[in-house]
Amino acid sequence: MSPAGYSIGTKIFGAFVAMGAIIAVLGAAGYGVLASAGDMAVTTFDGPLMAINYARAAQTDFTQLQMNELRYENTGAAEKSAIAADIANAASTFSDDLAVAEQRSFAADEQRLIRQIKALVNQWRAARDRDDVKTLERLDTQIDDKFDLLIELNTDHSFVSRRQTVSNVTNYRYATIGATVLALLLAAAITLFLRRRIIRPLSAAAAVADRIARGELQTEIPSGGADETGALLKSMTVMQDNIRAMMTRETSLRLSAENRLADALETSREGVILVAPDGRIVLANSALREFFPAIASSLVSGAGFAEALRLIQSQLAVSPNQPGGADLTGHAELELADGRWVRITASATSDGGSIMLLSDFTLVKEREESLRRATRAAEAANAAKTRFLANMSHELRTPLNAIIGFSEIISGQLFGLIANPRYLDYSGDILRSGRHLLEVINSVLDLARSESGKMMLDIHPTDMGEVLLDCATMVREQIAAAGLTLEMTGLDQPLPLSGDPAKLRQIFLNLLSNAMKFTPAGGRVWLDARLTPGGVAVTVGDSGIGMSAEDIDVAMQPFGQVDNRLERRYEGTGLGLPLTRALVELHGGTMTFDSAREQGTRVTVMFPHRAAGEVEFAAAG
């Protein structure tokens, strides 16, 4: 902040005071001229002119007094009193006019002459009182001469006063012109002072600010005074220095960042090409030249990108001139002529140029090829497994049917009683084991057919309630033997569905069997069926030991076994749930689990009204 004595406000206030003083001086000079003009008018009118007029009036009054005296002497006694009054009036008027003439006569000779006239008039009155005719005649002549001389003196003095007045008016006019010119010069000087001390520095500051704004940071800033303009210029100098320092730091940082970027790109294992908007290569790192050693000399800064691109295309295994040639303008994975693979990614930069990144993709490609080979081998092994299981199932079913048939004959003692009852027990064991083995084989065969897509459904309009009642009837004795209770809800209403009744029974027998296996004695198993707008939903639940999410994943795998804490009262192959899911999906349904350890398990199967396999069945039929 500049001192108050040097501030712009102080300068403007001083200029205002100076201009006010000039205006006051001009006003005073004008007032003086007007006063002088008034004085000259008063002097001219009240002085010589009034003196002349009253001198003539006094002379006329004396002449009238003389005439009244003559009338008084030559008239009768009757009229003398009236003439005496006229004489008295004339004498009074004469005295008044002579007194005014004396007041308006400023010259010494005029005053002296008036005093002489007064003395002669007094002598004239004394001679009149004495009736001294000769003395009166002599005094009349002297008084008239004195009045004539007084009028001449007044006239001469009036001429001199006029000439003096004209001279004074001329002097006043010149003085007024001079004062006006001096005031204008002083105003111009004050204006130039303000322009030099305020306007010019502000204009210079504005011009410097414009140049700095255009980026001319080396512009010299003039030094200012101690006022606000000087403070502004000093602040601009500090700002200029700060901007220079900031620009220096920014330039240093930018160069440092560019150098670090160049170093990073140069040491990168990926090939990099940076292209300017004019199509010239700005940067090409050494990794790029290692990709293409045969054309490394052409992949340098300043080379044309189009020519470099053509040379790169010539190094590919697929010629760009043939159908299926490489496109290097976006994202591509290309094979080089030496067998390596590169991934090329090109994108535009904000300034209109482009950048291309090339990375060695050979290991990834080799892993992909290994994965494809492994996938093909796994698919072939799975197909072989499916064929093996199908063939083995058919091969096992033929002797197994004979074993089951003969064991039934023996157990039924169709050809006579068996003497030893232990043989009868053995035949019953053989029959049960054969039937169990047949179930396992049938399950394996069904799972193999489902995986190979050869399982077909015998679809008919079906009431799901009847299917569920059949299943409950089949497992009721086993549930009771396990110490469990079976609850059923929702089976008192029609549950229409298109499906394969045998496969539907297989689904829910498997689910009920699992519920019995993993529910301790005293627990319960339930069936709940309901009709929904989308189809039929059936929930098979139990109060057993439940499964975690990881257990469910294991149980849904073929041959998967979940080792739970409950003793396995029923042996299993781990095919029930996978086969159940395959049958559900074959009907176009879904199967969801809601289970947790020690919380039981709830499996909900949702079937659409129209089975997905109905079309295939109709076509097959």
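**Figure 1. Lys365 sits in helix α8 (residues 362–412).** The model is predicted: local features need pLDDT of at least 70, side-chain atom pairs count only at pLDDT 80 or more, and totals for chains, interfaces and linings use all residues. Residues are numbered from 1 along each chain as its sequence is written, and side-chain values use heavy atoms, with hydrogens and water left out. Helices (H or I, at least four residues) and strands (E, at least two) are DSSP runs, numbered from the N terminus. Lys365 is buried, with a relative accessible area of 17%. Buried means under 20% relative accessible area, exposed over 50%, and partly exposed in between (1.4 Å probe, protein chains only). Lys365 touches Glu333 and Trp341, leaving aside residues up to four places away in sequence. Contact means heavy atoms within 4.5 Å.

Figure 2. A salt bridge puts a side-chain nitrogen of Lys or Arg within 4 Å of a carboxyl oxygen of Asp or Glu. The count by this rule is nine. Glu368 pairs with Lys365 at 3.8 Å, N to O. Glu368 is partly exposed at 29%. Glu369 bridges to Arg372, with the closest N and O atoms 2.7 Å apart. Both are partly exposed: Glu369 at 28%, Arg372 at 39%. A salt-bridge network links Glu369, Arg372, Arg373 and Arg376.

**Figure 3. Asp594 forms a salt bridge with Arg602.** Their closest N and O atoms are 3.3 Å apart. Asp594 is partly exposed, at 44%. Arg602 is partly exposed too, at 25%.

**Figure 4. The largest nonpolar core has 34 residues.** Such a core is a set of buried Ala, Val, Leu, Ile, Met, Phe, Trp, Tyr and Cys residues joined through side-chain atoms within 4.5 Å. Met464, Phe508, Leu511 and Phe607 touch the most other members. Two or more residues come from each of α10 (464–481), α11 (501–517), β9 (524–532), β10 (535–542), α13 (576–586) and β12 (601–608). Phe508 touches Met464, Leu468, Cys471, Val538, Val540, Val605 and Phe607, not counting residues up to four places away in sequence. A second, separate core of 26 residues includes Ile87, Ile117, Trp124 and Leu150.

**Figure 5. Helix α3 (residues 108–130) has 23 residues.** From first C-alpha to last, α3 reaches 33 Å, close to the 33 Å expected at 1.5 Å a residue. The expected span is 1.5 Å times one less than the number of residues. Its buried residues are Glu110, Gln111, Leu113, Ile114, Ile117, Leu120, Val121, Trp124 and Ala127. Just after α3, Asp131 takes a positive phi of about 65 degrees.
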